[in-house]
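Q: Could you walk me through how to read the features of a protein model, step by step?

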Amino acid sequence: MDIAAPLLPRPASVAKFLDGQHRLLIGDDWVAAASGETLDTLDPADGTTLASVASAGAEDVDRAVQAARRAFESGPWPSMPPNERARLIWRLADLIEANADEIALLESLDNGKPVGDARHFDLPHAIELFRYYAGWATKLNGESIALSNPGTWHAYTLREPVGVVGQIVPWNAPFMIAASKLAPALAAGCTMILKPAEQTPLTALRLGQLVQEAGFPPGVVNILTGYGKTAGAAMAAHPGIDKITFTGSTATGREIVHASTSNFKRVTLELGGKTPVIIFPDADMEKAIAGAARAIFSNTGQICNAGSRLYTHPDVFDQVIEGVADIARNIRLGRGTDPQTQMGPVISSQQLDRITGYIETGQQQGATLLSGGGRPSGSGYFVEPTILTDTTHKMDVVREEIFGPVLCAMKFDPEEIDRISAEANQSDFGLGAVIWTRDIGVAHGLARKLKAGTVRVNGGGLDPALPFGGFKASGWGRESGREGIEAYTEVKSVAVNY
């Protein structure tokens, strides 16, 4: 398979942004890194440099923490009425909406994903996150406590912002995940330092410009581009940061936990996944097959809850696997900015080597390559959508997170739900699970038995009101929903003797 990746004309606003200086937002100023160092961000469709951005180090982290601390303790932010915070957050959502085409194109260039996916999924969800949490800014209430030993005293609780927050964002959906962290933190009254992944810094920098345009006080949002091993590590260990929230690999999550113990930071971690997709014979097969393909091949499989393990009832296994394979063989690979592209490149040459290495290892361990598995000729970090059959839980491809478009297909024992759930739960991860069935009893019964933070039945979707997070090695805590904003607060008990 050859990849034609024509470089399409870029709108003037995008070209101007790419040609500009890309510095760190600290307080109200865009500044160079203290070291003067920069890093290149590459177009994964051809490996060329899109732009050079400042590479923050420990000194820059310290400057950003000081700016965020001033904004939290002595600036206008802590005294701002909740309804004013809500108006600012809503204004930011409006600005994102007004610039959505530009942001989607920048996201596609930097990440490689199809621009239509960025424009019609990532951006609308990010905008809704800001608007959803704008409403929460006025609804963070404590409660009066019904005492177990009442007397001449009254007790109640307060919810207060946790303080200065460090937010570390991955490269697979950089703008949307940045929104999922910024929006609740802003609504709660926190100040923050946002660090995008070194591979995809551009839309975070554009977001910083819109934060300033919206009128947020200086220091409320600081943005540091740089490497995880330098800027990210310094944030996790910094004693002036009260909470750290991270989305990324389980291995890095463990490092953040260790670093955060210096001052007992509050920690939220959204980590890896190995989502099982379970298809029963009574399911709507057309929808189930399309859903199974979408679950693993969307965003080139670079999704934390990608449906990478397919469990199908033996009676319909052949029908399902041939249907998914037919979709895979007809997916159009190409540059994300090409409107005809259905699947873009993976993020980097390292990720490409990782994915193809897993495909080779899977075959060496006994898996059968049904479709895909190749690296198309031409420049860019492309890999074909891949399906492996004859896989077992002893294989690395089934046990470990690949983070690419690789599906491991298996039959499940149809005897009873306990056996099905036991197979699906045979993983260190527990982020998501998917069920396809018309039997409501099976759906609800199995959903209770699956060890996963989110269970979707027959294509259930994503919403800002739904908590998102994982069991086991998939992380700590939840983002989105009520739980997402409460994670940025501390509860204070007040007892008054009257």
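A: Gladly! Let's start with contact, which means heavy atoms within 4.5 Å. This is a predicted model, where local features need pLDDT of at least 70 and side-chain atom pairs count only at pLDDT 80 or more, while totals for chains, interfaces and linings use all residues. Residues are numbered from 1 along each chain as its sequence is written, and side-chain values use heavy atoms, with hydrogens and water left out.

Q: Which residues does Ser-427 touch, not counting residues up to four places away in sequence?
A: Ser-427 touches Lys-274, Arg-309 and Lys-472. You will find Ser-427 in the loop between α14 and β16 (429-430); helices (H or I, at least four residues) and strands (E, at least two) are DSSP runs, numbered from the N terminus.

Q: Is Ser-427 buried or exposed?
A: Buried means under 20% relative accessible area, exposed over 50%, partly exposed in between (1.4 Å probe, protein chains only). Ser-427 has a relative accessible area of 12%, so Ser-427 is buried.

Q: How do I read two packed helices?
A: Two packed helices are described by the angle between their axes and the distance between the axes. On the α14 side, the contact is made by Ile-417, Asp-418, Ile-420 and Ser-421, and on the α15 side by Val-442, Leu-446 and Lys-449.

Q: And what about a sheet?
A: Strands of a sheet pair through backbone hydrogen bonds, either parallel or antiparallel. Two strands count as paired if DSSP finds at least two bridges between them.

Q: How do β14 and β15 pair?
A: Strand β14 (residues 386-389) and strand β15 (residues 406-411) pair in the parallel sense over 3 bridges. For Ile-387, the bridge partner in β15 is Leu-407.
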